[in-house]
Amino acid sequence: MRLDGLIVCNQCDLLLREVELEPGAKASCSRCGNELYRLQPNGLQRSLAFGLTAAALFLVSNAFPIVTINSQGLTNSTTLLDAADRLVRDGIPSIAALVFATTFLMPMLEILALIYLLLPLNLGRLPPFFPLAFRVVHLVKPWAMIEVFMLGLMVTITKLNAFASVSPNIALGSFVLLMLAVTAAAANFDTHTFWKQVDILKKLQEPVC
Ligand SMILES: [Zn+2]
């Protein structure tokens, strides 16, 4: 938690004074050693670049078929969303929900919230409702990991394995790159620098008396 010029350790609640860091350095709590913040040079710009790349890859990953389902002699190429729909129709909605959340909903929320926050910020503006968008980034971050995406993809393939086959295709290649881009976008989102920039922009927007 940040106060004006002060920071509270979220592990032991010690109140500490913020210090300026050298690029790449990190500040830790003097009582429990918990990492408080670190200064990632150009972290927000990198996060935005990876976020925009991820948005393009997300569109490609969902526009093209990723699995081929053979059923009653018929072959259907389906997207990841179609695969989740198929799992619902096969009577396993909980698995469908997991696949939908890990491969579609969470990456989409992470990408949209990051771009919504960082694109205006890089242009020197504060977007409306930015605390809400920041909360979304914070809540979704644990899901934006390669392991989680792989889990979703593996569950899709395993559950559909009686009638589904996955062969290298444009959507699969794009999804692998998407996993890397979303993970990199989340990892480069420098919370400390973000709030510093918000403070600067707020002060600039305050009316001068
Ligand atoms: Zn502490």
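In which helix is Leu177 found? I looked and found Leu177 in helix α6. I keep in mind throughout that this is a predicted model.

**Nonpolar patch**

I checked the cover on Leu177 next. Its relative accessibility is 46%, so I noted Leu177 as partly exposed. Leu177 also belongs to a nonpolar surface patch of about 470 Å². I then asked which helices supply the patch. Helices α5 (146–159) and α6 (170–187) each give at least two residues.

**Zinc site**

I turned to the metal. Four cysteine SG atoms coordinate the zinc ion, from Cys9, Cys12, Cys29 and Cys32, at 2.3 to 2.4 Å. What is the arrangement of the four donor atoms around the zinc ion? The angles run from 102 to 118°, so I recorded the arrangement as tetrahedral. For reference, the ideal angle for four tetrahedral donors is 109.5 degrees.

Cys29 is buried, with a relative accessible area of 4%. Cys32 counts as partly exposed at 41%.

**Salt bridges**

My search of the whole structure gave five salt bridges. I started with Glu18 and Lys196, whose closest N and O atoms are 3.7 Å apart. This pair links distant parts of the chain, 178 residues apart. Glu18 sits in the loop between β3 (15–17) and β4 (26–28), and Lys196 in helix α7 (residues 191–205). Glu18 is buried at 15% relative accessible area, while Lys196 is partly exposed at 28%. I also found Glu20 joined with Glu18 and Lys196 in a network of salt bridges.

Next I took Arg89 and Asp85, which meet at 3.4 Å, N to O. They are four residues apart in helix α2 (residues 80–89), so about one helical turn separates them. Arg89 is exposed at 60%; Asp85 is partly exposed at 38%.

The last pair I looked up was Glu35 and Arg38, with 3.0 Å from N to O. Glu35 is partly exposed at 33%, and Arg38 is partly exposed at 32%.

**Phe134**

Is Phe134 buried or exposed? I have it at 13% relative accessibility, so Phe134 counts as buried. Phe134 lies in helix α4 (residues 130–140). Beyond its neighbours within four places in sequence, I found Phe134 in contact with Leu117, Phe189, Thr191, Phe194 and Trp195. I also noted Tyr116, 18 residues from Phe134 in sequence and 9.4 Å away, C-alpha to C-alpha.

Methods: Residues numbered from 1 in each chain as written. Predicted model: local features only at pLDDT ≥ 70, side-chain atom pairs only at ≥ 80, totals over all residues. Heavy atoms only, no water. Buried < 20%, exposed > 50% of the residue type's maximum accessible area, 1.4 Å probe, protein only. Contact = heavy atoms within 4.5 Å. Patch = residues over 30% accessible without salt bridge, like charges linked within 9 Å, V, L, I, M, F, W, Y side chains within 5 Å. Areas by Shrake-Rupley, 256 points an atom, 1.4 Å probe, with all protein chains shown as cover. Salt bridge = Lys/Arg side-chain N within 4 Å of Asp/Glu carboxyl O. Donors = N, O, S within 2.8 Å, 3.2 Å for Na, K, Ca; no water. Tetrahedral: all angles 85-135°; square planar, octahedral: opposite > 155°, others 65-115°.
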